[in-house]
Amino acid sequence: MTDVLIKVGFLAIAALNGAVIFTIMDVKGASWMQRRPGPLHVGLRGFIFPLAEILKFVQKEDIIPTEVDRPVFKWAPAYVMVSCVALFAVVPLSPTLVVADLELGVFFALAISSLGTIGVLTAGWSSANKYSLMGGLRAAGQLIAYELPLILAVVGVVIQAETMSLVGIVEKQIEWGVPFVVGGQIVGFLIFMVAATAEMMRVPFDMPIGESELTMGFMTEYSGIRFLIFYISEYMNMFILCAIASTLFLGGYHVPLLPTEWVNFYGPVVLITKTAILGFILVAVRWSQPRFREDQLQNLAWKILIPASLINILVTAIMKVGF
Amino acid sequence: MINALDPQNMNNFSEASVSVEIETEDMTLNIGPQHPSTHGVLRLVAKVDGEKVHDVKPVLGYMHRGYEKLAEVRTYPQITTLVNRIDWVAGFSNEIPFIAGAERLMEIEVPERAKHIRLILTEMARISSHFVFNGAYALEVGALTPIFYAMEDRERVLDLIESVTGGRFHPNFNRIGGVKPAAGAGPTSKKNIQDLPAGFYRDTKVAMEKVIEAADQFQNLIGGNEVFKKRTKNVGVLTAETAEAYGVSGPILRASGVKSDLRTQTDYLPYDQFDYDIPVGENGDCYDRWDVRVKEMVESAKIVLQAIDSMPSGPLQAKVPKVIKVPKGRTYVRAENPKGEMGYYIISDGGLGPYRLKVRTASFSNVSILPIMLEGALLPDLIAIMGSLDFVLGDVDR
C-alpha cells in the first residue's frame with residue numbers, strides 16, 4: 001500500500017514539475033522572441049511570472065454558464081489532466097526508477113495519450129457554445145488524423161527493439177551503442193514529433209483552440225481553476241510526449257560513453273535534458289509559425305505522414321530481416 | 001405491382017435507391033460583435049455547414065457615433081477634433097481632406113511648408129496604420145509574435161507624430177490655412193516661428209530607415225513563411241471588376257491589379273514633387289493584399305525621406321480671418337487614406353459650421369464586399385479574408 005502511495009505521489013509531483021518546467025520554458029521563450037518585459041525582467045528575472053499567472057487563475061471566479069451540461073462540463077478538465085498524469089507511469093527515468101515497467105508500455109502510452117481528446121470533445125459539447133463545439137469537433141478530427149501516424153511511427157521502433165516495454169527499448173539502444181534516431185529511425189522520429197505536436201494541439205496545429213477563429217475553442221466557456229487545469233494539462237502533455245519521444249528515439253536515460261552502472265544517478269538528468277531540448281524546439285515553432293487550416297492538416301496527415309510511416313515500417317522490417 | 005427483377009423495371013429500381021439523402025441543417029454562427037478578429041464590433045451572421053460558410057450578412061452600426069450630424073452643430077475648427085476619430089489608427093489622415101475642402105471653399109492658398117508638414121505626417125499615419133495591419137493580420141492567421149514587433153516599430157513613428165503634434169492618435173494639428181505650431185517648439189512670435197521640434201529631421205531619418213528595415217523583415221519572416229503562404233495564397237481572390245463594381249478602394253483595389261492611387265490623381269497634397277512607386281498585386285488574393293501594404297510602407301518611408309530633404313522654408317499659416325466663415329457653396333474632396341478612398345462632401349450655407357457634411361469612408365465600401373468574398377469559404381479563411389480587408393469599425397460606422 002505504501003508502495004502504491006509513494007508511486008502515486010511521485011507521479012503527481014513529477015507531472016506537475018514537468019508542467020512547471022515547460023510553462024516557464026514556454027513563457028521565457030515567448031518573451032525572449034517577442035521582447036516582452038514582463039516574463040523577461042520583472043521579478044527575479046521574470047521567473048515569478050508563471051507563478052503570478054497561476055495565482056491569477058486560482059483567484060478568479062469559476063463561472064459555469066446556465067445552459068451547460070453541468071456534470072460533463074465540470075469533469076472534462078479533470079479527464080484531460082488524468083490522461084496526462086497516467087502517461088507518466090510508464091516513462092523510465094532509469095532502469096529501476098520507473099513507476100510501472102509494463103510489457104506493453106508503448107501500447108499503454110499511445111492508448112492513454114488519445115484519451116485526453118475525449119475530455120476535449122466533451123468539454124466542447126457540454127459548453128453549449130457553437131465555438132466550443134467546433135473546437136471539440138476539430139480536436140476529434142485531429143485525433144483520428146494523427147493517431148495513425150503516431151502509432152505507425154512507433155511501430156518502426158518496436159520492430160527494431162523487438163520489445164514494447166519502454167525500459168526494454170532503452171536497453172536495446174544501449175546495447176546498440178547509438179540511439180534509434182541515428183540507427184535508422186530518423187523518418188520515424190520526425191513523423192512522431194509532427195504527430196505529437198498535433199496531438200498536444202500546439203501551433204501550427206492548434207486549430208481546436210484557434211483563438212483568432214474560435215475565440216478559445218473548447219476552452220471558451222471555462223474560467224478560473226478549470227481553465228488552469230486545461231492550461232497545465234497542455235504543458236504536462238507536451239512534457240510527457242517529449243519524454244516518450246526521447247525514450248523511444250533519443251536513447252532515453254542513457255548517453256553513449258557514460259558508464260551504465262551509474263545510470264540511476266545520471267539517468268533522470270539525462271532524460272529531462274533531452275526532453276527539454278525537444279520542448280525547446282516546440283517552443284520555438286510555436287512562437288514563430290502561423291496556424292495551418294484544418295483541411296491542410298488532414299491532407300498532411302493522410303497524404304504525407306501515413307504513407308511515409310508505412311514506407312518507414314517496410315524499410316525497417318526489410319533491414320531487420322535482411323541483415 | 002412492380003417486379004424488381006424484371007429488366008424493364010431495373011432502371012427505375014436503382015434510381016429509387018440512390019435518391020435517399022441525409023438532410024442536414026446549416027448552423028447559424030454569430031461572429032461578433034464580440035470576437036477577437038472582427039477589429040471592434042463588426043457582426044457577421046454566417047450560415048455554416050461544418051467548416052464551410054454560406055450566406056454571410058454583415059451587421060453594421062454597433063459603433064455609430066453620429067459624426068455627420070454632430071458636425072452640423074460645430075464650427076469648422078472644432079470639426080477636426082471629430083474627424084480624426086473616424087479612423088483612429090491613422091488619425092492624421094482623416095483631417096486632411098476635410099481641411100482641404102474648407103480651404104477650397106474659402107479659396108485659401110496654403111503655404112508650401114505647411115503642405116509638406118501635412119504630407120510627412122499623413123505618410124507617417126499611413127505607415128503606422130500598415131504596421132497595425134501587419135501585426136494584426138499575422139495574429140489572425142495564427143502567428144503570435146509579429147504583432148509585438150509591429151507595435152514596437154509603430155511606436156517609433158507615433159513618437160515622431162507626437163513630438164510634432166502633441167498627440168499620438170488624435171493629433172488635431174491642422175488649421176484652416178496651415179498647421180499649428182509644433183508642440184515641442186518654443187513660444188511663437190512673428191519673427192521666429194519654430195514649427196518642428198529640435199532634432200526632428202535626424203530622428204525621422206533614423207525612424208524611416210528603421211521602417212524600411214522592418215518592412216524587409218516582415219517580407220522575410222512573414223511573407224517567406226510557408227505556412228503563411230499556404231494560408232493566404234489563392235484565398236479570397238477578388239477580381240478587379242468586382243472590386244470596382246463595389247467601390248472598393250485603396251490597397252485592396254491595387255492588390256487586384258488596378259493601379260489607382262488618389263495621391264497621383266488629385267492634388268490635395270504635393271505628391272507630384274516626389275518619386276515613388278505604386279505597388280500593385282497580381283492575383284488579388286490575401287497574400288497580395290498583405291504584400292501591397294508592406295511595399296507601401298517602404299514607399300511611404302521614401303516619400304518622407306524625400307520630403308525632409310526638400311523641405312521649403314516659409315510661413316506655416318496663410319492669412320485667414322479671425323472668425324472662420326466658409327462662403328456659401330459645396331465641394332467634395334477625396335484623399336488616399338491608408339484604408340482607401342476617403343471623401344468629405346461639404347455643403348456650406350455661409351455660416352460658422354457646415355450645413356451638411358457627408359463622409360465617405362473607405363472601410364464602409366470595403367466591408368460591403370464581404371458577402372461575395374466569403375461565399376463558400378472555410379471558417380479559417382473567413383478570418384483570413386476579413387483580416388486582409390483591414391477595416392476599422394470607427395471608419396465603417398462613423
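Student: What share of the contacts in chain B with a separation of 6 or more comes from residues 24 or more positions apart?
Tutor: Those account for 70% of them. A contact here means two C-beta atoms, placed from the backbone, within 7 Å. Bear in mind that this is a predicted model, where local features need pLDDT of at least 70, side-chain atom pairs count only at pLDDT 80 or more, and totals for chains, interfaces and linings use all residues. Residues are numbered from 1 along each chain as its sequence is written, while chains are lettered from A and ligands numbered from 1 in the order in which they are written.

Student: OK, and how much of chain B is buried?
Tutor: Buried residues are 49% of its 398. Buried means 20 or more other C-beta atoms within 10 Å of the residue's own, all placed from the backbone.

Student: What does the secondary structure of chain B come to?
Tutor: Chain B has 16 helices and eight strands. These are DSSP runs numbered from the N terminus: H or I with at least four residues for helices, E with at least two for strands. The C-alpha trace of chain B spans about 110 × 50 × 35 Å along its principal axes.

Student: At what angle do α5(B) and α15(B) pack?
Tutor: About 175 degrees, with the axes of α5 (residues 112–140) and α15 (residues 379–388) of chain B 9 Å apart. Axes are lines fitted to C-alpha atoms, for helices over the stretch in contact, and angles run from 0 to 180 degrees between N-to-C directions. α5(B) and α15(B) are therefore roughly antiparallel, a label for angles over 145 degrees.

Student: Which residues meet there?
Tutor: From α5(B), Ala136(B), Tyr137(B) and Glu140(B); from α15(B), Ile383(B), Ala384(B), Gly387(B) and Ser388(B).

Student: Switching topic: what's the mean pLDDT of chain B?
Tutor: It's 84, with 90% of the residues at 70 or more; pLDDT is the predictor's per-residue confidence, from 0 to 100. Over residues 184–192 of chain B, pLDDT stays under 50.

Student: And what does the predictor give the complex?
Tutor: An ipTM of 0.82 and a pTM of 0.85.

Technical notes: Parallel < 35°, antiparallel > 145°, perpendicular 65-115°, else oblique. Buried ≥ 20, exposed ≤ 12 C-beta atoms within 10 Å, placed from the backbone.
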